Number of protein chains: 2
Amino acid sequence: MVGIGEVARYAGVSTATVSRALSGRGHVSAATRDRVESAARSLGYVVSSSASSLASGRTRNIGVLVPFLDRWFFSTVLSGTASALMRRGYDITLYSLTADREQRRSVFQTFLRRQRVDGVIAISIELGDEEIAGMRELNLPMIAIGGPNPGLSTLTVDDAAVARVATGHLLTLGHRDIAHIGASPEFDIDFHVPTHRRQGFEQALADAGIPPRPSLYEPADFTIEGGFHAAKRLLGRPGERPTAIFAASDEMAIGALLAARELGHRVPEDLSVVGIDGHELGEFFRLTTVDQFPMGQGERAADALLDELEAMDAAPARPETPRALPFALIVRGTTAPPRG
Amino acid sequence: MVGIGEVARYAGVSTATVSRALSGRGHVSAATRDRVESAARSLGYVVSSSASSLASGRTRNIGVLVPFLDRWFFSTVLSGTASALMRRGYDITLYSLTADREQRRSVFQTFLRRQRVDGVIAISIELGDEEIAGMRELNLPMIAIGGPNPGLSTLTVDDAAVARVATGHLLTLGHRDIAHIGASPEFDIDFHVPTHRRQGFEQALADAGIPPRPSLYEPADFTIEGGFHAAKRLLGRPGERPTAIFAASDEMAIGALLAARELGHRVPEDLSVVGIDGHELGEFFRLTTVDQFPMGQGERAADALLDELEAMDAAPARPETPRALPFALIVRGTTAPPRG
DNA sequence: CTGAAAGCGCTAACAT
DNA sequence: ATGTTAGCGCTTTCAG
């Protein structure tokens, strides 16, 4: 392994100058920098991250916390994060938080304390008070996607507003009998996203003067299969049948689409369906949805964290304003005015 | 940040003993070990990874190379890898290789040379000769999932055999007119998986004395949408119509299922469909498939690499036998004997 | 089984 | 703008 000393000798300068030239910290004349860079290149020198980290306290590595790796939404956000970080020369260390509480503890108590990372991005993870306190104590900058996470820089989309937009689209088309597939009152995952979406849904209805109807609610687990079964129940029920379905996620919306098809209902003629998320399959199913640009969320978080890190050199602290993430209604082919 | 010195003082031993007690290397009396461990615990001490790495040359960190983060197969393999590594106390640093050749170079030339990782797992990545040579030179143990990758420890599933099993299932049911959705002759992604699957398909047919029929081949891009359109073309064609479809991936098989439904063909009564992979949606669609256990692939690779790493302490080198990965036919509801 | 001390390879004052 | 040098916090001989 070629070390900084060899490069210094080869370029005819001191190791300090090599360090300065290669890291861009401190002044080096253009000529010297060129000499050092070409020396490094021809010797194949790459700085040892452990030595550099130990001496400087910087790792050029960001820890990313995810709840699941194999679910579309999270892996898409992660994908955005990874490319933004790599683009700026940072490594990314992945911590997958499983259901196992003990393992989760070890991530916070051990893994993140090894001083392996300069900062942390938490994707859709609700942090406990002691976890947040632990990060503060470590002085580890952290940014969360999805919130609120009190006391943390947070990028979050207004789930209620998203749901209002989706519901508003249905109302504008003229629908009045709109079913809701999503949150069950008792069961709520990260940050009550399902609940917020239900609240947005109800606000939109209320604004249009439509009272909520319990018979038009069906809980589901945010999967295609869950949406499928919920829609089956909804559409198979005797009595009032909805003209539209609001699904609190695209995957459930797709499930609902498949259920409608199976029951012989035409979409959008007999039934409109709207989803939320911006799922990759939405295009194929012609699904009308409210896109929350998950890839972009990951990129933004990465950029925000790196900006914060680089700003720390200048100003030590900095206020934490929760920033709002964008979303947009994408009208495709699964929504239309009700018949009649 | 509490350091090893404080722990040593607190426990009344030297820093060397603390290091030995905590790392498990070298002999320490049980009593001393207990004392050190409880000292470390009560002080909240965690070893600094950069200091430890610099001194020992070990990082307890594994680099994982993936082609895409947001595609089901890769993120599932990654998920298996991540949990296996974390279980054994290793961090995982993620390198996502995009289409950008320049960025790919930088991963091999720079990122992997920072001495941040003890070993590398390459998921479904075809490595160039100079890339493999670079790893050897760095003396970085590497294990690949999917192959062949000459000169590298490789875990690989026999794609032709997998396809033979899937096709054999259809033949056993009595099908003779079997269409193939998959490889286009010219376009082939990682390791010619599509081609190998097509070859396995043809071998099975040949073994049954059935000659290949060009009109029953439809190329597709391994997505649901691609499978959908391929099946549409296949089933909409005048003349001979297949009684079964072999799709070279579950996603294409699901697309074919949706196409068949849309065209009014009942599955499996009018048409049988078999896929390959073991996709999470397979259960929902009742898809008959050959599962290749992607999560397990990730776990195996991680365990194999760590075993290799730990064995390196004892024996320096070790032969690289490409190991075969398991697969299994899962018969669900999309296959049945042809009518008549 | 334990301690003393010499580095691991680099960075950051401090000089010049 | 560049060189000198003292660490960064641990691990690992080498002694005992």
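Reply: In this predicted model, the axes of α1(A) and α2(A) come within 8 Å and cross at roughly 100° (axes are lines fitted to C-alpha atoms, for helices over the stretch in contact, with angles from 0 to 180 degrees between N-to-C directions), and the two helices are therefore roughly perpendicular to each other (65 to 115 degrees). Helices here are DSSP runs of H or I with at least four residues, strands are runs of E with at least two, and both are numbered from the N terminus.

On the α1(A) side, A:Ile4, A:Gly5, A:Val7, A:Ala8 and A:Ala11 meet A:Thr15, A:Val18 and A:Ser19 of α2(A) (contact: C-beta atoms, placed from the backbone, within 7 Å). By class, this contact has 5 nonpolar, 3 polar and no charged residues, where Ala, Val, Leu, Ile, Met, Phe, Trp, Tyr, Cys and Pro count as nonpolar, Asp, Glu, Lys and Arg as charged, and the others, Gly among them, as polar. Residues are numbered from 1 along each chain as its sequence is written, while chains are lettered from A and ligands numbered from 1 in the order in which they are written. Local features need pLDDT of at least 70 and side-chain atom pairs count only at pLDDT 80 or more, whereas totals for chains, interfaces and linings use all residues.

The most comes from α4(A), with 5 residues, and the surface near DNA strand C has 12 nonpolar, 15 polar and 1 charged residues.

Around DNA strand D there are likewise 28 residues, the closest being A:Ala16, A:His27, B:Ala16, B:Ser19 and B:Ala55. Here the elements giving two or more residues are α2 and α4 of chain A with α2 and α4 of chain B, and the residues divide into 12 nonpolar, 14 polar and 2 charged.

Between the protein chains, 35 residues of chain A are in contact with 35 residues of chain B. On the chain A side, α4, α5 (72-87), β2 (91-96) and α10 (224-236) each give two or more residues, and α5(A) supplies the largest share, 7 residues.

Note on methods: Parallel < 35°, antiparallel > 145°, perpendicular 65-115°, else oblique. Contact = placed C-beta atoms within 7 Å. Near = placed C-beta within 6 Å.
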